[in-house]
Amino acid sequence: MTSIDLARFLGIGEKDVSCVLNHAEALAADADALSAGFYGYLQDYPETGRLLGDFGIERMRDLSHLLAENFRRMLRLKPGESRQDIQSALGSVHYRAGVMTTWVVGAYRLYVDYLHDRLAQLGLDDDDRRRLDKALIKYVFYDMILQLEGYEQARLSDLGEGDAVARAVLEATLTLDKASAPEDVLTSICDRVVSASGHLRAAWFCLGGHEPSTLTPAYHAGDRVAVPDQLSLNQDDPIACALREQRPLVFDPTVATSPDWSRRHPEVRTIGIFPFGLRNTALTGCFVVHADMPRYFNNTGLTIFEALATLAQLLMELRDQVQRDALTGLANREAFSTHLSVAVERAARDGRLVCVGILDLDDFKPINDRYGHAAGDDLLRMLAERLRQSLRGCDMVARLSGDEFALILESIVTLGEAERVFERIEKALGQPFVLPDGTQHTLNASLGVTIYPFDESPPMDSFDMRIKPCTRLRMPRQGARVSGVIGRLPRMLARRRRPGHCRHIR
């Protein structure tokens, strides 16, 4: 309904306009008090008060001034003038603040009370007072309807925004069959939701361990300036809280207590964090979405973005099932290859070492032949658990095939760190394995090792060479810094080309 149609619909004629204009200045004399009372009325209710409390004192002062000016303009309305844009904007502000329409309509009662009080002070005869009273009632309805129209337009806009984001998510899920990895789907989702939205400035995701101290975005879409290169998290950081509690968290980056990484983009007004954690593993992650509109997630809805986190959860769990060895519960060959590529990239970025080991049992087949495959399976499961317990939290062990295992040691600063891990493995394998029937066995194993980036070929090449021939590293004294052994590493690693240089663990 246009403003002209609405005025005609409410019966606002030239006589009404003329009558109100004659007394407009007197009627608007206390408009500031009326405006203060309007917002005071809303703030007196706990639900509305909490919402408006987020605005802050200065913004509430600006809103109160805006409402007073709107009231004065309402009384000075002339034939053919439109107030639709002005009141629609005010309705949109109230919608964005979370003020319900019933509260807006209830607050308009103050308009009526105020105008009746002003009428009583004008000293008009009965006919003029009744005529002005009727005209003012029409004006109040006119003003209220225009504000509710603006409120509804903002609501419909958010519904359209939500629909667009939901369609983008649906389109991304339809490409699942073409994705080579879950990260491909998450990347596509980030691209699509930012492209579909009129208010999302950036979307990104990251993967890491539970309660990580640092996180690096795996991919981002949108304004690059909004996305941090790397985050150092303390326990109070919103991302750390969301990951720890495994629940969505929305916050205002403009407040003084918000973390530095959230204040990189001047137009971002709200940030949503949507975590997902892979059950029974150390893997966790989250989507982070930046919007340029306050209360974006309240008005558009959290459901869509929670669905993104659920989809990520399912994709990661599906990959985990595919990349897990059914017998031992360790990562399989595919998972090892994927993890190794990421580990090498991380080492290159952080300036650290990656140690890759291939461990092969020397005398496993006779156990299968003598005691049966069930006993061999039990032994492999026990070995897998000992290997897992010998590693640090950032390391990985995978089962490549029957009695062959692979190790990835990350974030190594000194070669002594790797040596200590291998010593724990040697000690673990030196303890007898007790089978269910009470039989004890002590295993012998060969361990081939290569270190990136000091080996002359990438770790994947060393992995493909298998266990023979393999590198035998004589580690320097424990605690030696990497920088102190660089000159000797090429000579040690050169032995890899000579057959038989394997470390035997007995």
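Trainee: At the start of helix α12, which residue has a side-chain oxygen that reaches to the backbone nitrogen of Ile239?

Mentor: A polar contact is a pair of N or O atoms within 3.5 Å, where within protein one atom must be able to donate a hydrogen and the other to accept it, and residues adjacent in sequence count only if both atoms are side-chain atoms. Here the residue is Asp237, one of whose side-chain oxygens comes to within 2.9 Å of that nitrogen. Keep in mind that this is a predicted model, in which local features need pLDDT of at least 70 and side-chain atom pairs count only at pLDDT 80 or more, while totals for chains, interfaces and linings use all residues. Residues are numbered from 1 along each chain as its sequence is written, and side-chain values use heavy atoms, with hydrogens and water left out.

Trainee: How many residues of α12 are buried, and what follows the helix?

Mentor: Helix α12 spans residues 238-245, and six of its eight residues are buried, namely Pro238, Ile239, Ala240, Cys241, Ala242 and Leu243. Gln246 comes after α12 and has a positive phi, near 50°. Over the chain of 506 residues, 49% count as buried.

Trainee: Where does His441 lie, and is His441 buried or exposed?

Mentor: His441 is in strand β12, residues 440-441, and because its relative accessible area is 14%, His441 counts as buried. Leaving aside residues up to four places away in sequence, His441 touches (heavy atoms within 4.5 Å) Ile367, Tyr371, Leu379, Gln431, Pro432, Phe433 and Leu435.

Trainee: What sits over the ring of Phe433?

Mentor: The test asks for NZ of Lys or CZ of Arg within 6 Å of the ring centre and within 35 degrees of the ring normal. The charged end of Arg386 sits over the Phe433 ring, 3.7 Å from its centre.

Trainee: How many aromatic pairs are there?

Mentor: Rings of Phe, Tyr and Trp (its six-membered ring) pair if their centres lie within 6.5 Å, with planes under 30 degrees apart counted as stacked, over 60 as edge-to-face and the rest as tilted. The count is 16 aromatic pairs, and ring pairs link Phe38, Tyr39, Phe71, Tyr108, Tyr111 and Tyr114 into a cluster.

Methods
Helix = DSSP H or I, 4+ residues; strand = E, 2+ residues; numbered from the N terminus. Buried < 20%, exposed > 50% of the residue type's maximum accessible area, 1.4 Å probe, protein only.
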